[in-house]
Amino acid sequence: MTAIREMSALSVIISQIVAEKVGMNPSDMECGDFLQLYGPMTAGRLAELSGLTSGAVTGVIDRLERAKVARRETDPSDRRKVLVVPCAERAEEFGSYYASLAKAAGEALERYNTDELGTFLAISREMISVTQQEVQKLKDVK
């Protein structure tokens, strides 16, 4: 648990530093990352992934548009819906701040065999699920 907490804390710190460098707040930047990871989605889905309220996500999307990280588009399969679509315009800039970390992490992971990486992936997915559940619990606390 100590290692998980330490990795989480360092991830937050890196996110804060990069957000400052690109002129964004960390929550907005992480929502932009969800868009890069999962592609176009509704504001409701972005709210689910981020744990933010729908009202808060509206503000996030406004700021992501101003930062040229995302844009709103009509859903081609249902013109009544609006999708939030990631923009590629700033992806290279963001990636430049993470390039060294990505390289070092890739090199570290290369030291493990397929079975070990499979176990790591399973643990990571389980921790993501646990964290998503805890986000929901915290949102429900009055």
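Residues are numbered from 1 along each chain as its sequence is written, and side-chain values use heavy atoms, with hydrogens and water left out. Because the model is predicted, local features need pLDDT of at least 70 and side-chain atom pairs count only at pLDDT 80 or more, whereas totals for chains, interfaces and linings use all residues.

The protein has six helices and two strands, where helices (H or I, at least four residues) and strands (E, at least two) are DSSP runs numbered from the N terminus. From the N terminus on, the order of these elements is α-α-α-α-β-β-α-α. Along the principal axes, the C-alpha atoms fill a box of roughly 50 × 40 × 30 Å. Of the 142 residues, 23% count as buried, a class defined by a relative accessible area under 20%, with exposed meaning over 50% and partly exposed lying in between (1.4 Å probe, protein chains only). With contact taken as heavy atoms within 4.5 Å, 43% of the contacts between residues at least 6 apart in sequence join residues at least 24 apart.

Helix 4 (residues 54-66) packs with helix 3 (residues 43-50) at an angle of about 105 degrees, the axes being 9 Å apart. Here axes are lines fitted to C-alpha atoms, for helices over the stretch in contact, and angles run from 0 to 180 degrees between N-to-C directions. Helix 3 is therefore roughly perpendicular to helix 4, under a scheme in which angles under 35 degrees count as roughly parallel, over 145 as roughly antiparallel, 65 to 115 as roughly perpendicular and the rest as oblique. Helix 3 contributes Ala43, Leu46, Ala47 and Ser50 to the contact, and helix 4 contributes Ser54, Val57 and Ile61. By class, five nonpolar, two polar and no charged residues take part in the contact of helix 3 with helix 4; Ala, Val, Leu, Ile, Met, Phe, Trp, Tyr, Cys and Pro count as nonpolar, Asp, Glu, Lys and Arg as charged, and the others, Gly among them, as polar.

The axes of helix 2 and helix 4 come within 10 Å and cross at roughly 80 degrees, which makes helix 2 roughly perpendicular to helix 4. This contact involves Asp28, Cys31, Gly32 and Leu35 of helix 2 together with Val60, Arg63 and Leu64 of helix 4, and its residues divide into four nonpolar, one polar and two charged.

Within helix 4 itself, Val57, Gly59, Val60, Ile61 and Leu64 are buried, and the buried residues of this helix pack against helix 2, helix 3, strand 1 (70-74) and strand 2 (82-86). The 13 residues of helix 4 should span 18 Å at 1.5 Å a residue, and the separation of 19 Å between its end C-alpha atoms agrees with this; the expected span is 1.5 Å times one less than the number of residues. Helix 4 is followed by lysine 68, whose phi is positive, near 60 degrees.

The structure holds one aromatic pair. The ring centres of phenylalanine 34 and tyrosine 38 are 6.3 Å apart and the ring planes lie at 20 degrees, so the pair is stacked. Rings of Phe, Tyr and Trp (its six-membered ring) pair if their centres lie within 6.5 Å, with planes under 30 degrees apart counted as stacked, over 60 as edge-to-face and the rest as tilted. Both residues belong to helix 2 (residues 26-38), where they are four residues apart, about one turn of the helix. Phenylalanine 34 counts as partly exposed at 22% relative accessibility, whereas tyrosine 38, at 54%, counts as exposed.

Serine 15, in helix 1 (residues 2-22), is buried, with a relative accessible area of 5%. Leaving aside neighbours within four places in sequence, serine 15 is in contact with Pro26, Met29, Glu30 and Tyr98. Proline 76, by contrast, is found in the loop between strand 1 and strand 2 and is exposed, with a relative accessible area of 71%. Between proline 76 and glutamine 36, 40 residues apart in sequence, the C-alpha to C-alpha distance is 19 Å.
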